[in-house]
Amino acid sequence: MTQLRGDGHVHLADYAAPAWRIPHAELQFELDPDATVVSARLCLSPDPAQPGQPLELDGEGLELLDITLDGQPLAPGRYDYDGRRLVVHGLSGDCELATRVRIHPAGNTRLEGLYRSGDLLLTQCEAQGFRRITFMADRPDVMPRWRIVLRANRDAFPVLLANGNPLASQDLGDGRHEASWENPHPTPAYLFAIAAGPLERVSRRLQTAEGRDVEINIWAEPSDVARCQYALGAVERALRWDEQRFGRCYDLDVFNVVAAQDFTMGAMENKGLNIFNARYILADESTATDADFLAIESVVAHEYLHNWSGNRVTLRDWFQLSLKEGLTVFRDTEFSSDLHSRALKRIEVVRLLRGRQFAEDAGALAHPVRPDRYKEISNFYTLTIYEKGAEIIRVLHTLVGEDAFRAGMDRYFADNDGKAATLEDFIAAHAAASGRDLTQFARWYAQAGTPEVSVSADFDGASGDYTLTIDQNTPPTPGQQHKQPLVIPLRYRLFDADGTSVTQAPESDAVVRDGLVELTAARHVLRWRGLEDKPLPAFNQGFGAPVKLVFDQGVDELARLVRFETDSFNRWDLLQRLATEALLARPQAEAATGALSDALAGLLTDAQADPAFVAECLVLPDFDTLAEQLDEVDVQALVARREELLDRLAEDQVGRLQVRYEALADAAREGLSGRAMSARALRNACLAWLTRLDPEARLAQAQFDAGGTMTERIAALRCLLHFQAPGADAALAGFRDAHAGDPLVTDKWVALVATRPHPDALGDVQSLMATPWWKPANPNRVRALVGSFARSNPLAFHRLDGAGYQLVADQVAALDAVSPQVAARLLGAFESWRRWAEPLRARARAALAPLDGRLASPDARDLLERLLD
């Protein structure tokens, strides 16, 4: 069981194996929204190494109706139940415990355990939701094989789904029916799932590489099922990719996916029955953007790929969370990169890391990828666990190479199939397969913070010696003042005056191979001898490690590198560095602006460049990315500088922007092809810049009026709203009314309103909260309105009067009793508050401090304590 120390934390060092194993579990549900009765039979077996221990089972808020042991009623003195934990005394050998409990799905606003979503009954059990359904050792290392029986009114719940393979179904009379399911694979309770209600499906049958016949079903409510076809194809693409890239085949007869309008997460990888937030399933060109389609494919792949990296091999305990999430993010990123553009996917990932994860690593909520303690595990579903965890896997891949990495994955899956694994098991498999000592690599999981790699250069013109001194340092983070050196694979390249690579290998105290140096000490020196001229260096190509690079390089050198660089990602990264120089008012800001404008002019006139890549280059570093580089953030000044630079660049490029916008019109109409998506990306980027120069927003109005895809309409509507065009109100009203019945599209316009870059957007948000459009029990709507306001509208959230902070703090307090996980995630917007310039820092504390007595949930209280500590 989860044991708390006196400090209120669960500690990794306190892990103990379960005293009782549960090799088999059988559940029977009498489904009813108001009162569901769950009967459970657990086969129990004591751990021989821990004789005489009582049986302890988790169970929160359950109404216990019956309890028997080996078929006999259990006397009250034999057990204790305090509303959170059931303890049974006097057990000595293999036995069977049966319980019957009553739960209330309709009243479950937490959306954990069994809950109602519209006409559906659904479950969400990760991380600790199963204990709200029935009694169980609700921990990842207890892995029964399951048999599930669902009974319900046929009219209300015509479809009854559960984990695993369908066994049988039958009519029970009186309008009721039954369906039985069996999951033959050992699976922890957090992967348990059922879904019941008026669902329809799209289906596809295929045969795996091992010859198994599999039926794929995507289920949704009848009005939505027509928008499931794209997700259906994405499942098959993920299945085939995992067979080819990792040799992993699907292992059940059916793979079911259900779209849910009410869901706290993006999706959940329950064994054989994935339950998804509807936004990651439902899509067609009239209601979903190109970004939505790509996100659906990525999330569908992520959850499918969990079948092996998370399900077949699961976690010993929640401290190992990144072992499934970071690993599977790495796998889904490789899936998207292999199917589409590797450079564009890398840009997407690095934007997220620099804009959000680096800030998390540097703020009050910083934590290692494998923390050594936690209060609430739900608060560790973070970018550090997912995105940084994936980057650590990428570091390993770079260190050992593709062939050894694949061999290590094969060994990891083989050694741990059907087991609950640890990071040590993962690292041991890769060490054995690669022959490398990965002891130092493991530090990546134990140390919080983003490493800084500082490079200094010296050239001796007389001797031709060129020396690079490379230092690494990880700044202090909460609870970790001193850090040890990591193993960091740093790619480098030297160019001569003509842009030709210098192929001479350097002398070094570090391992150097093929343009990559493995940093293992606090300082390393690389030295080239006898060069004719001072070379031009470039570092961390491809962003091979999640580090901050510090190297004093002039604007003229960056501009030359932009011309020399042929890799798309590296070229984009150089443009981001030029933009950063211009935006942070550094001494060479004016020169950087000119160099950036010249480079963008070249890209806009390059007919061979991928339009989607050009579009990415038109996106300057966002507010979060820039703020993370400052010791103290003057929000208004930083936003103003960014807007001024965008205005100036738009004026410089206006003719080229207009030409590209018009030239791509035909290609943009070609449906969901990669060429069409790429064309729309650049057209919409050009439109945003052009609208800056036109107070009437005529081009945006014309694009909005022309209809077309949702991608084109939402981009035009954003321009109208965010630049306060004359037709903005009418366009918004028309769009809102046209899609009033679609909650996912409603979320889109709500988010546009919340992100209008003006302090007065606060009033818009407050006005929406006074209408039926505000649905605080729906996590998607909360994220669209309050989450977008807090995370993506710096001018309104960071109002000088503190009203933006107060709005979010008030919503945290209001939502805490309804949806604690959602409330806790809103607090993350304050993670960097100590670096905000006064008076904002004082305003943030004034908004946060009163919450100390207003929050009831452990989720939000934990984060608030860390923010204020």
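Are glutamate 334 and arginine 394 buried or exposed? Glutamate 334 is buried, and arginine 394 is buried too, where buried means under 20% relative accessible area, exposed means over 50%, and partly exposed is in between (1.4 Å probe, protein chains only). The model is predicted, so local features need pLDDT of at least 70 and side-chain atom pairs count only at pLDDT 80 or more, whereas totals for chains, interfaces and linings use all residues. Residues are numbered from 1 along each chain as its sequence is written, and side-chain values use heavy atoms, with hydrogens and water left out.

**Salt bridges**

- The count comes to 78 salt bridges, each defined as a side-chain nitrogen of Lys or Arg within 4 Å of a carboxyl oxygen of Asp or Glu.
- Glutamate 334 forms a salt bridge with arginine 394, in which the closest N and O atoms are 3.2 Å apart. This pair links distant parts of the chain, with glutamate 334 in helix 3 (residues 321-339) and arginine 394 in helix 5 (residues 383-400), 60 residues apart; helices (H or I, at least four residues) and strands (E, at least two) are DSSP runs, numbered from the N terminus.
- Glutamate 334 also forms a salt bridge with arginine 342, with the closest N and O atoms 3.0 Å apart; glutamate 334 has a relative accessible area of 3%, while arginine 342, at 38%, counts as partly exposed.
- The side chains of arginine 436 and glutamate 518 meet in a salt bridge with an N to O distance of 3.0 Å. Arginine 436 lies in the loop between helix 7 (423-434) and helix 8 (443-446) and glutamate 518 lies in strand 30, so this pair ties together parts that are 82 residues apart in sequence.
- Salt bridges that share partners join Arg245, Glu334, Asp338, Arg342, Arg346, Glu391, Arg394 and Glu402 into one network.

- Leucine 111, in the loop between strand 9 (95-103) and strand 10 (113-117), has a positive phi near 60° and is buried, with a relative accessible area of 4%.
- Aspartate 514, in the loop between strand 29 (511-513) and strand 30 (516-519), has a positive phi of about 50° and is exposed, with a relative accessible area of 78%.

**Cis peptide bonds**

- The peptide bond from glutamate 126 to alanine 127 is cis, with omega near 5°, and alanine 127 is found in the loop between strand 11 (120-124) and strand 12 (145-153).
- A cis peptide bond with omega of about 10° joins glutamate 838 and proline 839, and proline 839 lies in the loop between helix 24 (820-827) and helix 25 (840-848).
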